[in-house]
Amino acid sequence: MTPDAMTGGFADAPIQSAKGFRAILEVLSRPGTIVAAPGAQPPAPLSPAAGLAALVLFDGTTPVHLAGRHDCSAVRDWLTFQTGAPLVGAGEAMFAIGDWSALSPVTRFAIGTPEYPDRAATLIVETDRLAAEGALLRGPGIARTARLSLPEIAAFRANRALFPLGFDTLFTCGDRLAGLPRSTIVEGA
Amino acid sequence: MSNLSSFSRAQSLGLLARAPAERLAALFPEAAAHTVLRGPETGAVMVRGRQGGTGAPFNLGEMTVTRCSVRLACGTDGHAYVQGRDKAHARRAAVLDALLQTAEAARLTAGVLAPLAAEETARRATRAAKAAATKVEFFTLVRGED
Amino acid sequence: MYVAVKGGERAIDNAHAFLAEERRGDPTVPDLSIAQIRAQMALAVNRVMAEGSLYDPDLAALAIKQARGDLIEAIFLIRAYRTTLPRLGHSNPVDTGAMAAVRRISATYKDLPGGQVLGPTFDYTHRLIDFALAAEGDAPEAPRAAPLGPVPRVTGFLDREGLIEDEPASDTPPRDLTREPMELPADRALRLQALTRGDEGFILSLAYSSQRGYGRTHPFVGELRIGEVAVEMDIPELGFAIEIGEITVTECETVNQFTGSKTQPAQFTRGYGLVFGQTERKAISMSLVDRALRWAELGEENTGAPVQDQEFVLMHADNIQATGFLEHIKLPHYVDFQSELELVRALRSGLREAAE
């Protein structure tokens, strides 16, 4: 394991993880909202916001899939040391991290079962640009409408059609975070 | 662990984990300069057993474990996983683990590991001897033919 | 229906203060230390660890002190505490064959390798109250003898001859009922987890019922052993496994009624118990209940006995679930009761009017 794997985690885990959890809760309860999510210093190509989400949400019981360029030894070692999460294939993953193109086709990921809709994957999508513009969002947690720069619309419309099943999504860009739960209705720009 | 002069890293980490915390503190009171990479944090480890003793695994229950990872000024990392909730114990064990990979190894092996190992061996031998004294000696009672 | 009401804060605070005082008891009597409970109430500590499903003798001793010796309350405290701990991982399966046994007996073989080692047992005491203990509790040191050789498994002897069903090793990760809801039918790994943390009294009674004929499995204790086993865990940052500690466990293997057919030669079957601490009654009970629950995979008849019904056994074995549901009925149900009261009054007045 590389020495870098052992740095960049929380210095004050109780406070930082509580703040991180609050940020994730905020973006998933108010789809389209973009918040600052600092606190983690993971190795590239993992962004600080994705690193924070990993530190807060992952543990030994949450199988994680790394897609594309994120599936590298620096990220694997860092996640293993910092979270203990087992690394698995897309179909078994509870969380997945990658660029949208690497994660696609997203129909590979778990959408839950009618008895246990919570057994669905959460995708952590790394983006170059995250802004409150583009696709139109409606639904729970949105007063009227909101906008978010989604990498694609069709996949999220298809996912919404599965409700109450379907995956949930976090978008990261540097240390900024946004969310798109499966309940959000996505319309074209 | 009959050889008290050399220990593999796994052996020394096991010994440090099993050692009574007060005893370890008495043998190794010093604190080498280090930065903490993680912890010390207390958590639970799920202990597994095997069905029928030898078959497929099952979850027996958890135990408390405290872990700590440290880095010495020279860049050497040390790790420890210690049964129980004693954070000072875990940190001390992690620092020792790091120092045992440096030029300090011989001194600490003789001064800390060897006495811990000898005391553990004695503790176990005492308990085993008391158990052995409760072994049943059967006497076969021969019944006469006529 | 639940209705929120306010009030009673001062009563509750005062009740806590009264509880604390009662817990302490007569202040002229010395306070109990955790070390005293751990050392001298060791079997109570063991039970709290086993059913609390968390191995930590000091914590269990503290919970017993706080719970005034109510072991189910102490188990509740341990269960609540364990939910606050991050899960650092899982151990490799403990090797009970390598146990440093302080007790090891077999009811099936007299002269077995390693011998019958009685250990610190109540078995041959006469269950007469020892009034001398009331005056003074010190005990002389126990005698010693030359240490024993290795103690091989009894089921291993039978296995070598093919006389007992095989227990094939595997590394299939077991499901964990503390992490996902138990779904029935549960596989054997999940059943063993539920039984080892289950209530000792409930498991004992079920085992006893099977001995009396309700789902009879005709067990012999092939081997019972108590002692310390090393707990080993793979550490990713090291790249190898280390021992992270040592725990005392009790293991019971039963040799049971055989199966067999015209084509398959007769074989004994197995029941298994493994419990934290020195917890002999529980481990034996567990192995009987484990065996009884295996009726389907062994092609036995379901006689309708409670011990064969896994829904009945597994859903009622947990004393914290049981006590939680049971004790909640003493909490305010004023509105529920009011509605029932009105219903009964209405029915009575309806009958009275009809009679008039």
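## A helix of chain B

In α3(B), the buried residues are B:H89, B:A90, B:R91, B:R92, B:A93, B:A94, B:V95, B:L96, B:D97, B:A98 and B:L99. A residue counts as buried if 20 or more other C-beta atoms, placed from the backbone, lie within 10 Å of its own. Helices are DSSP runs of H or I with at least four residues, strands are runs of E with at least two, and both are numbered from the N terminus. The model is a predicted one: local features need pLDDT of at least 70, side-chain atom pairs count only at pLDDT 80 or more, and totals for chains, interfaces and linings use all residues. Residues are numbered from 1 along each chain as its sequence is written, while chains are lettered from A and ligands numbered from 1 in the order in which they are written.

Because eleven of its 13 residues are buried, α3(B) is largely enclosed by the rest of the structure. The cover over these buried residues includes α1 (9-18), α2 (21-27), β1 (34-50), β2 (57-72), β3 (77-83) and α4 (105-132) of chain B. At 1.5 Å a residue, helix α3 (residues 87-99) of chain B should span 18 Å, which agrees with the 18 Å between its end C-alpha atoms; the expected span is 1.5 Å times one less than the number of residues.

## Two helices of chain A

In chain A, helix α1 (residues 13-29) packs with helix α2 (residues 48-57) at an angle of about 110°, their axes being 9 Å apart. Axes are lines fitted to C-alpha atoms, for helices over the stretch in contact, and angles run from 0 to 180 degrees between N-to-C directions. α1(A) and α2(A) are therefore roughly perpendicular to each other, a term for angles of 65 to 115 degrees.

On α1(A), the contact is made by A:S17, A:G20, A:F21 and A:I24, and on α2(A) by A:L52, A:A53, A:L55 and A:V56. Residues are in contact if their C-beta atoms, placed from the backbone, lie within 7 Å. By class, this contact has six nonpolar, two polar and no charged residues.

## Domains of chain C

Chain C is divided into domain 1 (9-82) and domain 2 (96-120 + 148-167 + 182-324), with bounds from an automatic or database domain assignment. Taken over C-alpha atoms, the centres of these domains of chain C are separated by 29 Å.

Twelve residues of domain 1 of chain C are in contact with 14 residues of domain 2 of chain C. On the domain 1 side, α3(C) gives the largest share, six residues.

## Chains A and B

Four residues of chain A are in contact with four residues of chain B.

Technical notes:
Parallel < 35°, antiparallel > 145°, perpendicular 65-115°, else oblique. Contact = placed C-beta atoms within 7 Å. Nonpolar A, V, L, I, M, F, W, Y, C, P; charged D, E, K, R; others polar. Buried ≥ 20, exposed ≤ 12 C-beta atoms within 10 Å, placed from the backbone.
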